[in-house]
Amino acid sequence: IDNLISAARRSPTPRRDEAIVLFLLDTGVRASELCGLTMADLDMNGRMCQVLGKGNKRRPVAFGKVCARALWSMTRDQEPDPADPVFQSYRGRTSGAAMTRSGLRQLVERLGEDAGIHGARCSPHTFRHTFAVQFLRAGGNVFTLQALLGHESIDMTRRYGRPDWRIDKVMV
């Protein structure tokens, strides 16, 4: 994780990329939820946001102080419109538009390579699993995790915290 954060800080868009890595680690959101986040969804003072998940359902998601500082650093030089995407693309034809799931996947894979991560998949979804494992290791319960991940079924949540889940599939 430290290597990924360092790689993000060395990237062409360091403030955005560090904020993305920290946001994924702190929240466990799906790639589509991160990409769909707008400035109106963020409550920086409360360190909360509203994400639009599967089934067009909104849920609150909290993030920590370090992530909040990174988000503030990323947005402090702009006067964003509430409809602006939080995480914008800076490449290709869609520069300034919301980052796409494909763009996010490519970014995370690139950061993984730059961080020297080999033998484990480095993807936005791996961050989701990492979040779940860290939450359970810290003493969280599977029912709270279900709500945090936006799962309708506890069976899906249990897959994220299975005892047989190979540790090399997460970044902890």
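In the predicted model described here, Glu-109 is placed in helix 5, which spans residues 101-114, where helices (H or I, at least four residues) and strands (E, at least two) are DSSP runs numbered from the N terminus. With a relative accessible area of 33%, Glu-109 is partly exposed, on a scale in which buried means under 20% relative accessible area, exposed means over 50%, and partly exposed lies in between (1.4 Å probe, protein chains only). Glu-109 and Cys-122 are separated by 13 residues in sequence, while their C-alpha atoms are 5.6 Å apart in space. Residues are numbered from 1 along each chain as its sequence is written. Because the model is predicted, local features need pLDDT of at least 70 and side-chain atom pairs count only at pLDDT 80 or more, whereas totals for chains, interfaces and linings use all residues; side-chain values use heavy atoms, with hydrogens and water left out.

The strands form an open sheet of three, in the order 1-2-3 and with antiparallel pairing, two strands being taken as paired if DSSP finds at least two bridges between them. Strand 1 and strand 3 stand at the edges with a single partner strand each, so one side of each has no neighbour in the sheet. The antiparallel pairing of strand 1 with strand 2 extends over two bridges, and Met-48 in strand 2 is the bridge partner of Asp-43.

Two residues in the loops of this region have positive phi values without being glycine. Arg-47, in the loop between strand 1 (42-43) and strand 2 (48-52), has a phi near 50° and is partly exposed at 30% relative accessibility. Asn-56, in the loop between strand 2 and strand 3 (58-62), has a phi of about 60° and is exposed, with a relative accessible area of 61%.

In helix 4 (residues 65-75), the buried residues include Cys-67, Ala-68, Ala-70, Leu-71, Ser-73, Met-74 and Thr-75. The cover over the buried residues of helix 4 includes helix 2 (14-27) and strand 1, contact being defined as heavy atoms within 4.5 Å.

Aromatic rings of Phe, Tyr and Trp (its six-membered ring) are paired if their centres lie within 6.5 Å, and planes under 30 degrees apart count as stacked, over 60 as edge-to-face and the rest as tilted. By this rule the count comes to three aromatic pairs. Phe-23 and Phe-63 form a tilted pair, with 6.0 Å from centre to centre and 50° between the planes. This pair links distant parts of the chain, given that Phe-23 lies in helix 2 and Phe-63, 40 residues apart from it, in the loop between strand 3 and helix 4. Both Phe-23 and Phe-63 are buried. The pair of Phe-131 and Phe-135 is stacked, because the ring centres are 6.3 Å apart and the planes stand at 25°. Phe-131 and Phe-135 both lie in helix 6 (residues 124-137), four residues or about one turn of the helix apart, and Phe-131 is buried with a relative accessible area of 10%. Ring pairs also link Phe-23, Phe-63 and Phe-87 into a cluster.

Thr-157, in helix 8 (residues 154-160), is buried with a relative accessible area of 0%. When residues up to four places away in sequence are not counted, Thr-157 touches Val-142, Leu-145, Gln-146 and His-151. With the side chain of His-151, the side chain of Thr-157 makes a polar contact of 2.8 Å, a term that denotes a pair of N or O atoms within 3.5 Å, of which, within protein, one must be able to donate a hydrogen and the other to accept it, residues adjacent in sequence counting only if both atoms are side-chain atoms.
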